[in-house]
Amino acid sequence: MVVAKLMPMTDAFIPKNIIVTGGCGFIGSNFVHYVYNNHPDVHITVLDALTYAGNLENIKPILGDRVEFVHGNICDAQLLDELVPGHDAIVHYAAESHNDNSIANPEPFVKTNVEGTFRLLEAARKYDVRFHHISTDEVYGDLALDDPAKFTEETPYHPSSPYSSTKASSDMLVRAWHRTYGLRTTISNCSNNYGPYQHVEKFIPRQITNIIEGIRPKLYGDGLNVRDWIHTEDHSSAVWTILTTGRLGETYLIGANGERNNLTVLHDILRVMGQPEDAFDWVKDRPGHDRRYAIDSTKLQTELGWRPTHTDFESGLRQTVQWYIDNPQWWEPAKAATEAKYKAQGQ
């Protein structure tokens, strides 16, 4: 474990008007709810293109005086010129993020993750706006299953998919805009999130909704690929902590020591939902499937004092399962098409 060097803290940055890109997506909408519930003096403008992964229903209950929605694309420079002035921070969640989709068609990932980040950085530079960039632990590649190491802020980048390579590219753009232009930036790289509002194409909600519909869950390869799980509310609190107290130009890794392999997670889901542990089917593995991700969040915890609160994975999983049981109207419209796509891929 790398011990972070203690650095002098700067005065807290207290934003009043923020733009959240991708705020109708899974992680972005959870952040919008977090800020809305915990920081009543903050006005939130959500900018989202409402692609298949964005759903206005995710924030509809809180739309009003403090939360407004703008339907638009982050690559639209003219729109950004109209929108960014008057805001004091951009929190950039918008991204194409599903590995399988990036393998099938990488072009949208280059467009959104690279060009979109560039457009936002230019707008932030033009109007002197604080910029926080949401990234992923996948930019570091993967670790061997028997490797005791974890990713730290010093780990070299080694992305393995079109998705992770475009996220790595966007990280590098943010660093360059800070160094070259003095833009007030921070970056966070987070481990795998779980919680409400996650699209049914993703691992945990796919298994949950399959069981609800009486479909046998599906598991890639040997099921031993390890992910470092964090509840999306903990991710949101960490991002707010970095936005308001993080050192400019720095990167912080967000994780909650939640390493579990996919087989264990599926067994957990089956047990929570009252199913036998062997009630699933094996399917062919994803091309280039990373073996293990693991985050060391020492720097974030030591420098900024952040701590995760959802440290009991099974408790968080039970809450997530119940959310999908209670909200079939949210996920059912996308379910059939998602399963048809996976079936065509043999998965």
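**Strands, helices and cores**

Trainee: Which residue of strand 10 is the bridge partner of I187?

Mentor: T251 is the bridge partner of I187. The model is predicted: local features need pLDDT of at least 70, side-chain atom pairs count only at pLDDT 80 or more, and totals for chains, interfaces and linings use all residues. Residues are numbered from 1 along each chain as its sequence is written, and side-chain values use heavy atoms, without hydrogens or water.

Trainee: Why are strand 6 and strand 10 called a pair?

Mentor: Strands are DSSP E runs of at least two residues, and helices are H or I runs of at least four, both numbered from the N terminus. Two strands pair if DSSP finds at least two bridges between them. Strand 6 (residues 185-190) and strand 10 have four, in the parallel sense, so they count as a pair. Strand 1 (residues 17-21) and strand 4 (residues 89-92) also pair over four parallel bridges. There, I19 stands opposite I90.

Trainee: What makes strand 3 and strand 10 edges?

Mentor: The open sheet has seven strands in the order 3-2-1-4-5-6-10, with parallel pairing. Strand 3 (67-71) and strand 10 (251-254) each have a single partner strand, so one side of each lacks a neighbour in the sheet. The twist averages 20° from one strand to the next.

Trainee: How do you know that both faces of strand 10 are covered?

Mentor: Buried means under 20% relative accessible area; exposed is over 50%, and partly exposed lies in between (1.4 Å probe, protein chains only). T251 and L253 on one side are buried, as are Y252 and I254 on the other. Both faces are therefore covered.

Trainee: Why is helix 6 called mostly covered?

Mentor: Helix 6 (residues 203-212) has nine of its 10 residues buried. Among them are F203, R206 and I211. The cover includes strand 7 (192-194), helix 8 (262-272) and helix 10 (313-326).

Trainee: What makes a set of residues a nonpolar core?

Mentor: The set must be buried Ala, Val, Leu, Ile, Met, Phe, Trp, Tyr and Cys residues, joined through side-chain atoms within 4.5 Å. The largest such core has 30 residues, and V35 and I254 are among those with the most contacts inside it. Helix 7 gives the largest share, five residues. A second, separate core of 26 residues includes Y194 and V272.

Trainee: Which residues is V35 in contact with, beyond its neighbours within four places in sequence?

Mentor: Contact means heavy atoms within 4.5 Å. V35 meets that with I18, V42, I44, R66 and W240.

Note on methods:
Axes are lines fitted to C-alpha atoms, for helices over the stretch in contact, and angles run from 0 to 180 degrees between N-to-C directions.
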